[in-house]
Amino acid sequence: MPSSAIKPGCYAAIFSSQRTDQDARGYEEMSKRMEALAKTMPGYLGIESARDENGFGITVSYWESEEAIANWKKNANHAEAQHRGKVDWYKEYSVRVAKVERTYEMKKQR
């Protein structure tokens, strides 16, 4: 993700989840489909995601506005993924929407 796209004033949708111990059939494919779809949505800026060996994950997607996040939430294909997550893949999850107030980074030079 180009860090230059993430600037103060944009919004972050923070999705934290705990996966079930059940068969995760289709999860990786759906995750890739949703990332590709998000990139086509108006107002999308980028995504960062991580999951540990115990199934806990955090995905942060960045958007130009709260309206862009709301449009993403109600996208029909995204709604299908949300339903599958509730039924098949997650024990629990939470979503938080936050306004980015400041950004800074460090990159080690070789």
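Let's start inside a helix. L37 sits in α1. Before I go on, remember that this is a predicted model.

Is L37 buried or exposed? Its relative accessible area is 18%. The cut-off for buried is under 20%, so L37 counts as buried. What does L37 touch, beyond residues up to four places away in sequence? The list is W72, N75, N77 and H78. Now take Q22, which is 15 residues from L37 along the chain. The C-alpha atoms of L37 and Q22 are separated by 26 Å.

Keep W72 and H78 in mind. They come back with the pocket. The largest pocket has a volume of about 890 Å³. It is lined by 33 residues. Closest to its centre are F15, T59, W72, H78 and Y90. So which elements give two or more residues to that lining? They are β1, α1, β2, β3, α2, α3 and β4. For your notes, β2 covers 44–51 and β3 covers 56–63. Helix α2 is 66–73, α3 is 76–89, and β4 is 90–99. Which element gives the most? That is α1, with 7 residues.

Let me step back to the whole chain. It has 3 helices and 4 strands. Reading from the N terminus, the order is β-α-β-β-α-α-β. Along the principal axes, the C-alpha atoms fill a box of roughly 40 × 35 × 20 Å. There are 110 residues, and 32% of them are buried.

Now the surface. The chain exposes about 7900 Å². Carbon and sulfur atoms supply 49% of that. On charge, count 18 positive and 16 negative side chains. The centres of the two sets lie 3 Å apart.

Next, three exposed residues. First up is R25. You will find R25 in the loop between β1 (11–19) and α1 (27–38). R25 has 64% relative accessibility, and exposed means over 50%, so R25 counts as exposed. Leaving out residues up to four places away in sequence, R25 touches R84 and W89. D88 is 63 residues from R25 along the chain. Yet the C-alpha atoms of R25 and D88 are separated by 8.8 Å.

Second, E92, in strand β4. E92 is exposed, with a relative accessible area of 57%. Which residues does E92 touch, not counting those up to four places away in sequence? S16, S17 and Q18. R19 is 73 residues from E92 along the chain, and their C-alpha atoms are separated by 7.3 Å.

Third, S49, in strand β2. S49 is exposed as well, with a relative accessible area of 57%. Setting aside neighbours within four places in sequence, S49 is in contact with I58 and T59. T59 is one of the residues closest to the centre of the largest pocket. Y11 is 38 residues from S49 in sequence and 16 Å away in space, C-alpha to C-alpha.

To recap: L37 is buried. R25 is exposed, E92 is exposed, and S49 is exposed. And α1, the helix that holds L37, gives the most to the lining of the largest pocket. That's my tour. Over to you.

Methods. Residues numbered from 1 in each chain as written. Predicted model: local features only at pLDDT ≥ 70, side-chain atom pairs only at ≥ 80, totals over all residues. Heavy atoms only, no water. Buried < 20%, exposed > 50% of the residue type's maximum accessible area, 1.4 Å probe, protein only. Contact = heavy atoms within 4.5 Å. Areas by Shrake-Rupley, 256 points an atom, 1.4 Å probe, with all protein chains shown as cover. Lys, Arg positive; Asp, Glu negative; His and termini not counted. Charge placed at Lys NZ, Arg CZ, Asp CG, Glu CD. 1 Å grid on protein atoms, 1.4 Å probe; cavity = no way out; pocket = protein on both sides within 12 Å on 5 of 7 lines; lining within 4 Å. Points joined across faces, edges and corners; volume = space filled by probe spheres on them.
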